[in-house]
Protein chains: 2
Amino acid sequence: MNDVSGPKRSRAGDPAPFYEAHVFCCINERPAGHPRGCCKAKGSEKLRDYMKARAKEFGLSRLRINASGCLDRCELGPTMVIYPEGVWYSVRTREDVDEVLQRHLIEGGRVARLMLKPDDKLPPAR
Amino acid sequence: MNDVSGPKRSRAGDPAPFYEAHVFCCINERPAGHPRGCCKAKGSEKLRDYMKARAKEFGLSRLRINASGCLDRCELGPTMVIYPEGVWYSVRTREDVDEVLQRHLIEGGRVARLMLKPDDKLPPAR
C-alpha cells in the first residue's frame, strides 16, 4: 500500500480557498437491512436541506453545504465533514445542525459532543 | 452578509485527519440546455469512477474519492476539489485524471495546467 499522507498538504503558491468552509453531508443510501446502515435512512438528506436553508437565512457567505456520496463512516451517520479543517460530526437532529452552524461555522469553535474522532466506530455517546 | 472566513480554520486539539486526502468530484446533472451546463453532461461520473478504480489499482491508502453534488463551478467542469489543501481541478479526460493522481496525490505536487484559481470563470486554456 502506498500512503498519500505528507507532513503538510498545502503548498506555498496554492490558490486562495474558493470556499472558506466547505461542508459535505453524506446522503448515501444502502439497501434496507444492510448491516452498516446508511446516512440517508437516518434522515441525512433532510438534515442537509435544513442546514443549507439555515445557512442561507444566516446570510453566511463563502460557505458551501454539499451533498456527497458515501463517506464510509456509515455506522456513525448521519455524518458530515467540514473542510479545510477536516472536522467530522454526527448530526441526528435539527438542533444538532443548528449547533454546528452556530458554534463551528459562525463562531469558529467546535461542538465536542457531536465531533467524531478517527477511531470512532460507533456513534458518540449523547 | 456574515463571513465564515478566519485567519486559520484548524485548531490545536482537532482530531487527526480521517482521510489524508479527500477528493470530491462533482457529478451534478442539470436539465439539457441549461446555460451553466453541468459536470455530469461532460462525463464527470465516468471520470470519477475511473479515478476511484485507478486509485485502487495504485493501492493508495487513506485516500477517498467521493462523488458530490453541485460544487457551483459548472462552467469549469468537470470539477473536483482535493481537501484539506482545497486545490481545485478541471479534468476532462482519463489522462487528466491520471495526471492528478500521479502528480498531486502520489507525488504531492500540482498539475498547473488543470488547476483552477478562485476567480476562474471559464475553463483554463489547454
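Reader: Which residue follows α2(B), and is its phi positive or negative?
Author: Gly108(B) comes after α2(B), and its phi is positive, near 80°. The helix label rests on DSSP runs (H or I, at least four residues, for helices; E, at least two, for strands), numbered from the N terminus.

Reader: Good start! What kind of model is this, and how do I read the labels?
Author: This is a predicted model, in which local features need pLDDT of at least 70 and side-chain atom pairs count only at pLDDT 80 or more, while totals for chains, interfaces and linings use all residues. Residues are numbered from 1 along each chain as written, chains are lettered from A and ligands numbered from 1 in the order written, and side-chain values use heavy atoms, without hydrogens and water.

Reader: What makes up chain A, read along the sequence?
Author: Chain A has two helices and six strands, arranged in the pattern β-β-α-β-β-β-β-α. Of its 126 residues, 50% count as buried (under 20% relative accessible area; exposed is over 50%, partly exposed in between; 1.4 Å probe, protein chains only). Among contacts (heavy atoms within 4.5 Å) in chain A with a separation of 6 or more, 61% come from residues 24 or more positions apart.

Reader: Why are α1(A) and α2(A) called oblique?
Author: Helix α1 (residues 44-58) and helix α2 (residues 94-106) of chain A pack at about 45°, with their axes 10 Å apart. Axes are lines fitted to C-alpha atoms, for helices over the stretch in contact, with angles from 0 to 180 degrees between N-to-C directions. Under 35 degrees is roughly parallel, over 145 roughly antiparallel, 65 to 115 roughly perpendicular, and the rest oblique. The two helices are therefore oblique to each other. Their contact includes Leu47(A) and Tyr50(A) of α1(A) and Val97(A) and Leu101(A) of α2(A).

Reader: What makes α1(B) oblique to α2(B)?
Author: In chain B, the axes of α1 (residues 44-58) and α2 (residues 94-106) come within 10 Å and cross at roughly 45°, and that makes α1(B) oblique to α2(B). Met51(B) and Phe58(B) of α1(B) are among the residues in this contact, as are Val100(B) and Leu105(B) of α2(B).

Reader: Which residues of α2(B) are buried, and what do they pack against?
Author: The buried ones are Asp96(B), Val97(B), Val100(B), Leu101(B), His104(B) and Leu105(B). They pack against β2, α1, β3 (60-61), β4 (63-68), β5 (79-83) and β6 (87-90) of chain B.

Reader: Why does Lys52(B) count as partly exposed?
Author: Lys52(B), a residue of helix α1 of chain B, counts as partly exposed because its relative accessibility is 40%. Its C-alpha atom and that of Ile65(B), 13 residues apart along the chain, are separated by 5.9 Å.

Reader: And why does Arg9(B) count as buried?
Author: Arg9(B) counts as buried because its relative accessibility is 13%. Arg9(B) sits in the loop between β1 (2-3) and β2 (21-26) of chain B.

Reader: How do you know that Arg9(B) and Glu85(A) make a polar contact?
Author: Their side chains are joined at 2.8 Å. The limit is 3.5 Å between N or O atoms; within protein, one must be able to donate a hydrogen and the other to accept it, and sequence neighbours count only if both atoms are side-chain atoms.
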